[in-house]
Amino acid sequence: MDKTKITWYGHAAIGIQTAGFRLLVDPYLNDNPKSAARAEDVEADYILISHGHGDHIGDAVSIAKRCNAKIIANTEVARWLGKQGVETHGQSLGGGFRYPFGYLKLVYALHGASLPDGSYGGVAAGFVLTVENNQKIYIAGDTGLFGDMRLIGEEGICLALLPIGDNYTMGPADALRAVKLLQPQQVIPIHYDTFDFIRQDPIAWASQVESETAARVHVLKPGDSFSL
Ligand code: NI
Ligand code: MN
């Protein structure tokens with residue numbers, strides 16, 4: 001059985017290879033000045049969209065059409081994307097579904113969710129993805145700190161991908177508190193350095209997290225991969 005492989009493309013764009021499937025999360029690639037990949041060059045069987053903002057929907061439609069990939073999002077975002085001629089699967093927060101690649105649950109994110117044209121985008125989401133070996137990956141999406149991260153942590157999180165950029169999401173101090181609530185085994189910081197407003201020092205954050213919690217932090221460069 002192959003290990004689950006995580007690739008960070010920059011910002012909140014993540015590739016996940018698991019159980020022979022290729023997932024893409026929030027594929028904001030061609031408009032991201034720091035992106036490690038072009039939308040034309042990535043492959044996907046499923047695309048997960050955490051919320052309706054442009055830096056998360058990104059190139060989802062063009063990739064879905066070229067790869068014949070199914071897009072998974074909350075029902076409002078899924079309906080909006082479905083009108084653009086792609087296949088979608090809508091879920092609501094708190095609801096999980098067993099896909100061929102694993103069990104995916106949408107969870108709360110403390111964030112806005114309007115769509116690029118101003119349409120109502122429902123509630124922003126994070127994901128808890130359960131892959132082979134019952135390993136759970138928490139992808140927080142764009143979120144501020146919220147106390148119910150403790151409930152997510154009770155599920156036993158193997159890997160948490162957390163925003164640390166500040167301004168639009170948690171900054172380093174609250175992301176450290178998030179690690180304390182979630183108690184994941186491993187952490188990858190995301191959603192920083194893309195724009196001037198969210199410049200951070202992930203190395204300093206990593207050493208603080210590792211000194212104050214039991215989590216191991218993996219600071220990736222855009223394009224780097226990590227195997228569970
Ligand atoms: Ni956002
Ligand atoms: Mn964002």
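**View 1. The manganese ion (ligand 2) and the nickel ion (ligand 1) lie 3.3 Å apart, and Asp142 coordinates both.** In this predicted model, the manganese ion (ligand 2) is held by Asp55 (OD), His56 (NE2), Asp142 (OD) and His191 (NE2), at 2.1 to 2.3 Å. Donors are N, O and S atoms within 2.8 Å of the metal (3.2 Å for Na, K and Ca); water is not among the atoms, so sites may look incomplete. Along the chain, the donors of the manganese ion (ligand 2) show the spacing D-H-x85-D-x48-H.

**View 2. Asp55 and His191 link distant parts of the chain.** Asp55 belongs to helix H1 (residues 54–57), whereas His191 is in the loop between strand E12 (186–190) and helix H6 (202–212), 136 residues apart. Helices (H or I, at least four residues) and strands (E, at least two) are DSSP runs, numbered from the N terminus. Both Asp55 and His191 are buried; buried means under 20% relative accessible area, exposed over 50%, and partly exposed in between (1.4 Å probe, protein chains only).

**View 3. Seven strands form an open sheet in the order E6-E5-E4-E3-E2-E1-E14, with mixed pairing.** Strand E6 (88–91) and strand E14 (225–227) stand at the edges with a single partner strand each, so one side of each has no neighbour in the sheet. Two strands pair if DSSP finds at least two bridges between them. Strand E1 (residues 5–10) and strand E2 (residues 13–18) are joined by five bridges in the antiparallel sense. The bridge partner of Lys5 in E2 is Gln17.

**View 4. Helix H2 (residues 60–67) lies across strands E3 (21–25), E4 (46–48) and E5 (70–74).** Helix H2 runs at about 165° to E4. Axes are lines fitted to C-alpha atoms, for helices over the stretch in contact (heavy atoms within 4.5 Å), and angles run from 0 to 180 degrees between N-to-C directions. Helix H3 (residues 75–82) also packs on the sheet, where it touches E5 and E6, and its direction makes about 140° with that of E5.

**View 5. Ala19 has a positive phi of about 55° although it is not a glycine.** Ala19 is located in the loop between E2 and E3, and is partly exposed, with a relative accessible area of 31%.

**Notes.** Residues are numbered from 1 along each chain as its sequence is written, and chains are lettered from A and ligands numbered from 1 in the order in which they are written. In this predicted model, local features need pLDDT of at least 70, side-chain atom pairs count only at pLDDT 80 or more, and totals for chains, interfaces and linings use all residues, while side-chain values use heavy atoms, with hydrogens and water left out.
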